Amino acid sequence: MDFSYTETQDMIRDTLSRFLADTYDFDSRSKMIASGTGRDPAIWKALAQDLGMLGASFSEEHGGLGGGYLENALIMEELGKVIAVEPYLQTVVLGGGALKAVGGAVADAVIPEIINGNVIIAFAYAEPQGRYNLANIRTTAKKDGAGYVLNGHKGVVYAAPWATHLLVTARTGGATTDVNGVSLFLIDANAKGIVRRDYPTVDGFQASEIYFENVAIPADALLGDEGVGLPLIERIVDEATVAVCAESCGVTAKLHQGTLEYARQRNQFGQPISRFQVLQHRMVDMFMEVEQSKSMTTMATLKLDLPAAERMAAVSACKAKVSRSAKFVGQSAIQTHGGIGITQELAIGHFFKRATMIENQFGSADHHYERFERLTLAD
Amino acid sequence: MQLEFSPAEIAFQKEVRTFIAENYPQNLRSVQDEGHDLSKEDFLSWHRILAKKGWIAPAWPVEYGGTGWTATERFIWSEELAAADCVGTMPFGLSMVGPVIYTFGTPEQKAKFLPGILSGDDWWCQGYSEPGAGSDLASLRTKAVRDGDHYVVNGQKTWTTMAQHADWGFFLVRTDPDAKAQEGISFLLIDMKSPGVTVRPIITLGGEHEVNEVWLEDVRVPVANRVYEENKGWTCAKFLLAHERTGIAAVARSKRGVEKIKAIARTEQDGDRPLIANPFFKRKISELEIDLTALEFTELRSLAGEAAGKGPGPESSLLKIKGSEIQQRITELALEAVGHYGAPYFRGFGEGDNEHPIGPDYAHRAAPTYFNTRKTTIYGGSNEIQRNIIAKMVLGI
């Protein structure tokens, strides 16, 4: 048992932290979000080519640094500290995760392009009726000659307006919630018949509703085997869930730190409000939630390679705890700031918005408590 | 970073597990299973076995009798002890005064006191709280006046756990009445058989005799029994409190507690289903279990920090707060789980009494344990005081 980071991991954290401090202050972020595309593509290029950051979790054979889950967690935590609106989760964690899992020619072709910053992937999995059930899929991929034809509607696809590729879950067989008959495809985001309705999200990203209207896709777009894609999808979503928890550690650490700084300089009743014990204890409770989120994220990151049932229980335990912590820390930060906390003017409110979206991303606390119970608390 | 134990750690785990299985006293096991209060001899029987083996003080430096185990090995050891449901060893000597003596004591004090702590020949108690000094410990008034090479001690201590069995006590006393609160306090080791020491029981809500009042009337204590400098006893007290908090998370024992609740909830019927199938009860168990995992990994991160040279710092208050809350939630759920049979008051078997007590075995001590465990958020610095410590020492507010 060992809980220390390697020198390389420390270096990744320090390098990224310095870069983001220079490029991702609150004003710069606000300008990116307000710009036409909602992001600054130069940042992604720099992450890829100047810092080598997008290769941190890929093997050396693919041109990466040879890392994995821990590197993803480190990077997501740093991105969370500046509430970065970069598509790292979608491209590297989800897209890269799927490609690493299936390997072969498609991985050899696409992973180096991810590392170079030329490929951006969006994960089109959610559907309006599906809530958090990954098998609840109406989108169909019908066999057509050598390839498939896609039809259906995917909702709230983060990063889709920026994407070069879409990672799509679709039914190649079975009824809407069947475990069997689910397949995973990596397709060209600009394929004919894809209709997008783009919009900003409340937490600063760009997303789309995506309608597939008889989209013809080639046979080699299929990742893994046809009809048995659910375990792979569950696995990459678990990896992404833990990555989002790591991001939440960064977001909530900043919510806590910002609240402390504010309470020290805000005077009421002739003294800084940080002197009031009721606020001190609230800030201690925030501290404890942040620390426990870090502990749970470490735990789940280290268990991502365990057999599916153990992995899922660990990930759900982590997300259930982190979701609740994100809510508590976010709400407490706003309450301690008072009126200024509910304006757009301070960064704190924007951290709160991201923390709030993290709560339900890949499943609410309730969803994950229930999955944990199903796996560990049989009658 | 990795979670798996190394081959050496797995071998260690096997060694300690085998040792416990082969050496844990069987009669002690049955006393525990039937829900009796443990006697001094019950506690000491296991203590002496560990002392003989050289495993009684894993956290101590090797030169004073420690085992030299790594943080991971100590973690494995505590997990195995809890998994086998072993009684704990009394903390007052091993975790409290022992580390103070080997850190601050003179060579003579080390030679005189450490062997008795390790062997179990000396049973220790802690003389800190007073009727007027609880959370505000530094307002204590028990005073020690110098008289040649002795102090004459007068005052009253309270909540003195297991003082009824104690051979020795470590006491905070005021040696300079004019100094500010924390200054002017000294750390004295007092022979509990000294003339003028009176121990009176306090019976707590579960019916147990754990704590006592200790009255000190003109008790003569050799100056040689003062640890560290006169009026600098607060340094020892603070050191001791930080030490006390590290073990206080009680993760391994709480894991065992959660398992016991699950077993009860699988046995107890709730209508036409076992209690564990009740979604509300099930949710309380899962919340408890997940919070316990968060505590466990917080402790592991803290141990890793310790191994890297960062001693137990003020963040160990977090372990105390969360650990004590979880201990309470376990007893609360156990009492809820046993239903009707939480009510009968079981006082243990009388001499020669063969009649089975009322209700299932697991219910006998549910209520007394629940009542008793309210102490965990109060002792060792109440959880409110722990929050003050984090606010001041970690957050800097």
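**Exercise 1.** Which residue with a positive phi follows α4(A)? Describe the helix itself as well.

*Solution.* This is a predicted model. α4(A) is followed by Ile83(A), whose phi is positive, near 40°. Step two: check the helix length. Helix α4 of chain A covers residues 69–81, which makes 13 residues. From first C-alpha to last, α4 of chain A reaches 19 Å, close to the 18 Å expected at 1.5 Å a residue. Step three: check burial. A residue is buried if 20 or more other C-beta atoms lie within 10 Å of its own. In α4(A), 13 of the 13 residues are buried, so the helix is largely enclosed by the rest of the structure.

**Exercise 2.** How do helices α5 and α6 of chain A pack?

*Solution.* Step one: find the angle. Helix α5 (residues 88–102) and helix α6 (residues 104–116) of chain A pack at about 150°, with their axes 8 Å apart. Step two: name the arrangement. Angles over 145 degrees count as roughly antiparallel. α5(A) and α6(A) are therefore roughly antiparallel to each other. The crossing of α5(A) and α6(A) is left-handed. Step four: list contacts. α5(A) contributes residues including Gly95(A), Gly96(A) and Leu99(A), and α6(A) residues including Ala107(A) and Val110(A). By class, this contact of α5(A) with α6(A) has 8 nonpolar, 4 polar and 1 charged residues.

**Exercise 3.** How many residues of chain A are in contact with chain B?

*Solution.* Step one: count. In chain A, 32 residues are in contact with 32 residues of chain B. Step two: find the main contributor. α8(A) gives the largest share of chain A's side, 13 residues. Step three: sort by class. That side of chain A has 18 nonpolar, 7 polar and 7 charged residues.

Technical notes:
Residues are numbered from 1 along each chain as its sequence is written. Chains are lettered from A and ligands numbered from 1 in the order in which they are written. This is a predicted model: local features need pLDDT of at least 70, side-chain atom pairs count only at pLDDT 80 or more; totals for chains, interfaces and linings use all residues. Two residues are in contact if their C-beta atoms, placed from the backbone, lie within 7 Å. Helices (H or I, at least four residues) and strands (E, at least two) are DSSP runs, numbered from the N terminus. Ala, Val, Leu, Ile, Met, Phe, Trp, Tyr, Cys and Pro count as nonpolar, Asp, Glu, Lys and Arg as charged, and the others, Gly among them, as polar. The expected span of a helix is 1.5 Å times one less than its number of residues. A residue is buried if 20 or more other C-beta atoms lie within 10 Å of its own, exposed if 12 or fewer, and partly exposed in between; C-beta atoms are placed from the backbone. Axes are lines fitted to C-alpha atoms, for helices over the stretch in contact, and angles run from 0 to 180 degrees between N-to-C directions. Angles under 35 degrees count as roughly parallel, over 145 as roughly antiparallel, 65 to 115 as roughly perpendicular and the rest as oblique. A crossing is left-handed if the near helix is turned anticlockwise from the far one by less than a right angle, and right-handed if clockwise.
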